[in-house]
Amino acid sequence: MRLFLATAGSRGDVEPFVALAKRALRAGHEVRLVVPDHSGVDLHGLDVVSLGVDYTALIEQQGVSVVAALRSYRSVIKPLMRAVIIESARAAWDYQPDVLLAHPKILSAPLAADALSIPYVQVEIVPVVTPTRAFPAAGTVNRDLGRFNTLTYRLASGGERMFRRDLKDVSSMIGGSGGEPAPPAATLMPISPALLDRPHDWDSTVHLTGPWRVGGSETVSAEVSEFMAGGDFVYAGFGSMASGDPAARAREVIGGIRGAGARALIAEGLGGLQVPPELRGEDVLVTGSVAHDAVLPNARAAVHHGGIGTVHAATAAGVVSVLVPFIGDQPFWGARLRERGLAPAPVPQRKLTAHRLSRALVETEEFRPAVQAAARAMESEDGPGTALQVLETLR
């Protein structure tokens with residue numbers, strides 16, 4: 001098959017699509033991947049088209065503040081979304097694929113698939129579009145609303161109304177039936193059943209496949225390797241969560257890890273943490289980023305923001321997470337891990353203190369058996385392979 005994969009967002013939105021693209025190529029399919037620039041993901045050996053947008057630069061400029069996003073909506077966000085909507089549709093039309101797979105942020109994907117008369121497959125990295133009564137849409141509310149949970153999915157899928165004009169331009173550009181596009185032929189969720197039970201009210205076309213992870217032989221620097229060999233340590237990293245005062249946050253994180261009697265491996269990322277010189281010492285190693293698969297299996301615990309990519313990596317490594325959620329789907333995963341007995345209660349970033357973190361790290365030992373059982377269950381999952389099996393039924 002000729003597969004067209006389109007995604008938008010930061011590294012966590014790109015990496016699963018790259019994993020599926022590489023697996024599809026090995027299975028003999030043709031694949032074109034449409035992604036934003038400078039995601040930090042290795043795209044070597046793939047047929048790649050740029051969306052012409054750079055989410056990494058956007059994060060570096062304004063962090064992850066919702067207020068900043070609203071303030072720059074007309075000057076930055078709206079033009080960025082127009083590029084995503086238009087360029088992804090143009091790339092699909094140029095490629096003429098057999099099947100089109102897209103992230104929900106690619107709002108024009110259903111229109112493009114309709115114009116090409118091919119199946120459209122929705123890829124929800126986190127549950128935000130497909131309604132269920134089991135839990136609210138990730139990134140909406142932080143408590144269970146029972147039977148009203150389904151209403152939160154209307155909030156999460158309201159982008160079409162905001163960008164009606166851009167979508168109308170897509171219809172003019174590539175044509176189509178002129179009516180409402182057909183619903184997805186399938187919805188793929190690259191999420192482990194070890195983290196999320198499949199709701200009974202999902203349609204049979206919705207598939208919880210297991211994570212799509214690139215894997216491979218990730219390595220670390222000699223400095224990091226030497227530090228890990230030196231004894232017990234806790235990993236801490238908040239990735240691109242550039243918000244508030246990263247130096248003050250690092251002070252609380254390092255104080256909390258020291259208070260729990262451990263050494264600290266700190267990944268500063270794109271501004272999530274910033275370690276001042278006076279906090280450094282023999283028990284603290286600071287780096288920009290690390291390969292999770294190489295580091296987490298050796299850690300006593302992992303302190304992170306709770307993005308689904310890091311949640312999968314930590315759980316697969318058998319290490320207990322202490323989540324410090326910032327935005328979006330992160331509180332959702334904090335709640336899911338807590339419900340399943342896989343982690344202590346999350347520590348919201350605005351309430352992060354050394355004392356709270358130390359207390360959570362001490363609690364991690366009681367969750368270790370459950371996390372290690374989840375890791376063993378994940379060993380048998382083949383997310384990309386399961387996804388390909390679904391796609392091959394759409395021929």
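Predicted model: local features only at pLDDT ≥ 70, side-chain atom pairs only at ≥ 80, totals over all residues.
Helix α1 itself covers residues 11-26. Its 16 residues should span 22 Å at 1.5 Å a residue, and because its end C-alpha atoms are 23 Å apart, the two values agree. Ten positions deserve a look, as the buried residues of α1 are D13, V14, P16, F17, V18, A19, L20, A21, K22 and A24.

| Element covering buried residues of α1 | Residues |
|---|---|
| β1 | 2-6 |
| β2 | 30-35 |
| β4 | 99-102 |
| β5 | 120-123 |
| α16 | 383-392 |

The largest nonpolar core has 55 residues, and L3, L5, L101, W333 and L391 have the most contacts inside it. Helix α1 gives the most to this core, with 7 residues. Take L5 as an example: beyond its sequence neighbors up to four places away, L5 touches F17, L20 and A21, as well as V31, R32, L33, V34 and L101. Another core lies apart from it, with 35 residues, among them V34, I85, A89 and L111. As background, nonpolar side chains tend to be buried together in soluble globular proteins.

Elsewhere, an open sheet of 5 strands runs in the order β10-β9-β8-β11-β12, with parallel pairing. Its edge strands, β10 (284-287) and β12 (321-323), each pair on one side only. From one strand to the next, the twist averages 20 degrees. Strand β11 (residues 301-304) is joined to β12 by 3 bridges, and A302 stands opposite S321 in β12.

Terms used
Residues numbered from 1 in each chain as written. Heavy atoms only, no water. Helix = DSSP H or I, 4+ residues; strand = E, 2+ residues; numbered from the N terminus. Expected span 1.5 Å × (residues − 1). Buried < 20%, exposed > 50% of the residue type's maximum accessible area, 1.4 Å probe, protein only. Contact = heavy atoms within 4.5 Å. Pairing = 2+ DSSP bridges. Axes fitted to C-alpha atoms, helices over the stretch in contact; angles between N-to-C directions. Core = buried A, V, L, I, M, F, W, Y, C linked by side-chain atoms within 4.5 Å.
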